[in-house]
Amino acid sequence: MDCTLPAVAEELLKEIKKAFQETSHGIDPFSFRLKFIFGPSAVPALDLVDQRSVTRVVSPSGRTAYQVLGSSGKLYTCYSSCHFCTCPAFGFTVLQKSESLLCKHILAVYLSQATGACQELTVSEEQLTSILLAGEEDDEG
Amino acid sequence: LCRGGLAERLCRLQNRERSAISFWRHQCISDAKMPSDKSGVLIVKILEMFEECTIQVAICQQLEQSPATLSSEDAVINAREPILKVLFARETAAHLKSRPQDVIHIYPPWQKLLLKNADVPVIMNTYFSQKVLLSEHSETTEKTYGLTKMLVRKNIVSLAQTFRLDDLDDELRQESSDQVACAPQIHNNCDLKQHHLALSAVNDSLLEMVESQGAVGWREAQVRVVIQRVYCLPAREGHRSHVQGNKPLWMFCRLCLLVQDAYGMFSEVQLQSLSSADNIEQYCKRWEGKFCCLAGMKILQRTTRGRALGLFSLIDSLWPPVVPVKVPGQSQDSEMMTTNLPPPSFCYILTIQSGEIHVEVDEEEQIANLYQPPAVHGLKEILQIGGCNERCSFWAQVLYLRLQAKHNIPINQREIWLFVTDSMLQNVVHNTPKVVAVSVAASCVLSTEITEALSVASQLVFFRDALWGNGRIICVERTVLLLQKPLLCSAAGADLSELTGPVRLDELDSTTQANSICAVRGTVVGVNESTAFSWPTCDRCGNGKLELCPQDRGSLYCSQCSEVVISPVLKMQLEVFLSCPSRSQSTVKVKVGLFVLINMLLSLQSYEVQSVLGKEVGLLNCYVYSITSHPNCVGLEEIVLL
C-alpha cells in the first residue's frame, strides 16, 4: 500500500502556503495540523522560520541546496532533490528509526518556502560543490 | 522563541490543547458513560492498521454519522464505500490500543483533509478518540489481547518523495510575472497581486507607502527615493560562528541601502544576501547619490532611536538635509519646503519580497540634490571632535594590522586593530599622537579586496562612516572601508597627500598606552635566554600554533586555515631588557625578532648572546602589548610595519 503520510504532509504545506499569501495570520488555523503531522519538530521548525534561518543557495547552473542555521549555531545542509539533512537528529530519527518524516531543519525549509521567509544566496559552482561535499564529510553534523 | 513569532503562537495553542486533551481523557476514565453530546462525532470501525513515522494510519469504515456533519457528498460515499483513513498520533494510539474490528468514536475537533487524486478522505487531529467496548465480547477479547502483542506493519517512507509546494496555478503566475509588460495584464483566476513596476504611479513618500500596507494594491506602490549610502550588514552573529578557520566561506552579509525620500524620511532597505562583500565598492560607486524606485517592499521592522543607535548615528550624520524637503500634509508650494526639522526619531527597515526584483536604480541619471556625500576630515580634526557616537569619514595610511589575541573566538569574529596615520599627523609636532589606533569590530563587514590588500602592503584606505567616541575610532556596522576614492566627497579639512618620507612613530614615553605602536631605543641591560626559541608559523595566516598532521606525521597543519602548511615561516624570538631614557622608570622588555638579533650578533662578531649587553638598540618599531604599574613594566614586541 502506498504511504499516506507524505501526501498528507504535502497537502498541508500547500494549504499553508496558499493561506499565508492571503495574510500572514493565515497560518494560525493550520497550527494544530502542523503539530499533529510533524509532532515535536513543528515548534522548533517555526522558530527557525521566525528567525529566518533558512537560505536557499543557488548556483548558475541551477543546482540548489538549502542551508539552515540551527539553534546551536551550527549550519546544516539540506538537499533539495530528496529529504536529507546533515544534522544528527535526521540520521537518528529519520534514517535509523523512521520515527519522523523530516527533521526540524527540513521542515523549516518547507515552511520558509511556504511563508516566503527563505533567504536567497547565489554562489559559484565551486562553492555549491563544496557545500554539498562538506555535508558528506561532516560527521558531527 | 521570537516574540509574536509563528513558533510562539503555536506553543500557546499547543499548551491550551494539551490541557484540554488531558482533561477530556480524565473525564472519560472517571465517567464510564459516553459523553452525551454526540454532534460531530465520527464513528468508525477499523479494518486495517499500519504505522508511518509513529503516526498510526487506520483504514476505517464509517459506521454512522451524526446529522450535524452530514453533507450531500458524504451521503453518497456513505451508501457505497464509507472508507476513511484515520490518523492517530502516537500517544492517542497508545491510549486506544486499538486493533482491527475495533469501533472508535472520534470527538471534535477532528479535521478532514481531502487529498488531490485520492478518493479516501483523511481524518486527523484525532486526539479526542475513545474506543467503544462491545459488552458481550469485552471480557474474552480483553484476555486474548492481553496475551498477544499486536504487531503493526510499519511503512517506511522514501526519502526521495519530496514535497512540491508549487501548484500548476502557481507556475502560471510565475510565468506571467516574468513577462515584461507595459499594458496591464489581466489574469483569469489569480489574484491581482503580481504586477509590474510600470503599472502604478510613483509616490515620493515612504511613510505613505508604509501606511498603505494592508490596503488593496499596496504591493503596487512605488516610491522614488535617493540612495544616501550603500553598505553590507552582517547577517546575524550566529552565521559567522560556524565558519571553520580562516576560510572565506559564507560571510553571509546582506547588501543594504539607506534611502531618503522627498520628505526627508529615511529607511534602510535590506536587499539580497551576498556571500561576501566583494563588490561593495562597485555598488557604492554606481548607486550612491542616485534615485531609485522601490516597489513591493515588506516591512521588517519599525525601529526607533533608542533601539538602533548605530543606524541613527548614521542618519544623524546626514541631518539636516542639504536641500529643503517637503513638509507632509501641506500643499507643495516652494515656501513650504524646509530644512528646519527635528532629526528623525523612527525609521522603517524594509526588505524585498523574495524572488522578485523591486529595486530599480536610475544609474544614468545625475546625482540627486538631496544626496549628502560623507564629509571627510583629517585625523587630527577628528581626534579633536567633542561629541560621542559621531560618524566620521577620513583617509588614512594603514601602517600595521593586529588581530585580537583571544583564542576562543573564531578568526573572523575577532576585532582587528589597524594602526593608521596621515601626512598631517606625521608632520605635526606636539600634543597629537603620530599614529592612531582604529578598531574594526566583527560587525563591520570587510570586503575580500580590503583584507587581502591590507595583509600585503601599507594601504591608503578611505574609512567611511566610522564611529568616534570616548577618544577612540571604531569601525562598526554600516562603516565601509574603501580603497578607491569615492566619487563625491567634501574633503574640506583633509589632506590627501601621500606620505613623504619614512613613517615616524611616537617614541616610547610615560604617556604610551597598551595596544599602541611606538618606536623605542635604549641600551641592552639584560637578556632572557629562556625566552630564546624558534617556531614554525603558517605562511598564510601567521598562526604560531601549528600541529602535527594526523594523517602524515611529518607535515604541519594549521587549524585556523584548516590546511596543511607546506612551507612554514620560521620565527625566532628573544626577549631583551632595555634601559630607555625616554621612560626611565620602567623596565622595558622587548621581544626582538631574528633580524635584530642577528644584526646585533654580527656587529659584535660573536655568537655569545650575553655579549649584547651594553649594546645600543636604536629605534625599533614595536607594538605595546602590556603596560603594568606594579611592577612598572612595559612589554613590547618588535613589529614590521606594512
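Predicted model: local features only at pLDDT ≥ 70, side-chain atom pairs only at ≥ 80, totals over all residues.
Residues are numbered from 1 along each chain as its sequence is written, chains are lettered from A and ligands numbered from 1 in the order in which they are written, and side-chain values use heavy atoms, with hydrogens and water left out.

**View 1. Chain A and its elements.**
Chain A has six helices and four strands; helices (H or I, at least four residues) and strands (E, at least two) are DSSP runs, numbered from the N terminus. Follow the sequence and you get the pattern α-α-α-β-β-β-α-α-β-α. Of its 141 residues, 57% count as buried, where buried means under 20% relative accessible area, exposed over 50% and partly exposed in between (1.4 Å probe, protein chains only). Contact here means heavy atoms within 4.5 Å. Take the contacts in chain A with a separation of 6 or more: 56% of them are between residues 24 or more positions apart.

**View 2. Helices H1 and H2 of chain A.**
Here helix H1 (residues 5–22) of chain A packs against helix H2 (residues 31–38) of chain A at an angle of about 155°, with the axes 11 Å apart. Axes are lines fitted to C-alpha atoms, for helices over the stretch in contact, and angles run from 0 to 180 degrees between N-to-C directions. H1(A) and H2(A) are therefore roughly antiparallel; angles under 35 degrees count as roughly parallel, over 145 as roughly antiparallel, 65 to 115 as roughly perpendicular and the rest as oblique. The crossing of H1(A) and H2(A) is left-handed, meaning that the near helix is turned anticlockwise from the far one by less than a right angle (clockwise would be right-handed). On the H1(A) side, look for A:Leu5, A:Val8, A:Ala9, A:Leu12, A:Leu13, A:Glu15 and A:Ile16, and on the H2(A) side for A:Arg33, A:Leu34, A:Ile37 and A:Phe38. Sorted by class, the residues of this contact between H1(A) and H2(A) are nine nonpolar, no polar and two charged. For that sorting, Ala, Val, Leu, Ile, Met, Phe, Trp, Tyr, Cys and Pro count as nonpolar, Asp, Glu, Lys and Arg as charged, and the others, Gly among them, as polar.

**View 3. Helices H3 and H5 of chain A.**
Helix H3 (residues 42–50) of chain A meets helix H5 (residues 104–115) of chain A at an angle of about 50°, and their axes are 8 Å apart. That makes H3(A) oblique to H5(A), and the crossing is right-handed. A:Ala42, A:Pro44, A:Ala45, A:Leu46, A:Leu48 and A:Val49 from H3(A) touch A:Lys104, A:His105, A:Leu107, A:Ala108, A:Leu111, A:Ser112 and A:Thr115 from H5(A). This contact of H3(A) with H5(A) counts nine nonpolar, three polar and one charged residues. Eight of the nine residues of H3(A) are buried, so H3(A) is largely enclosed by the rest of the structure.

**View 4. Around A:Leu111.**
Beyond its neighbours within four places in sequence, A:Leu111 is in contact with A:Leu13, A:Ile16, A:Leu34, A:Ala45, A:Leu46 and A:Val49. A:Leu111 is also one of the residues that touch the most other members of the 63-residue largest nonpolar core, along with A:Ile37, A:Phe38, A:Leu101 and B:Leu87. Such a core is a set of buried Ala, Val, Leu, Ile, Met, Phe, Trp, Tyr and Cys residues joined through side-chain atoms within 4.5 Å.

**View 5. A:Thr77 in its strand.**
A:Thr77 sits in strand E3 (residues 75–79) of chain A. A:Thr77 is buried, with a relative accessible area of 6%. Leaving aside neighbours within four places in sequence, the contacts of A:Thr77 are A:Tyr66, A:Gln67, A:Phe84, A:Cys85, A:Thr86 and A:Ile131.

**View 6. Chain B and B:Val612.**
Chain B holds 13 helices and 30 strands, and 46% of its 642 residues are buried. B:Val612 lies in the loop between helix H13 (594–604) and strand E29 (616–628) of chain B. B:Val612 is buried, with a relative accessible area of 2%.
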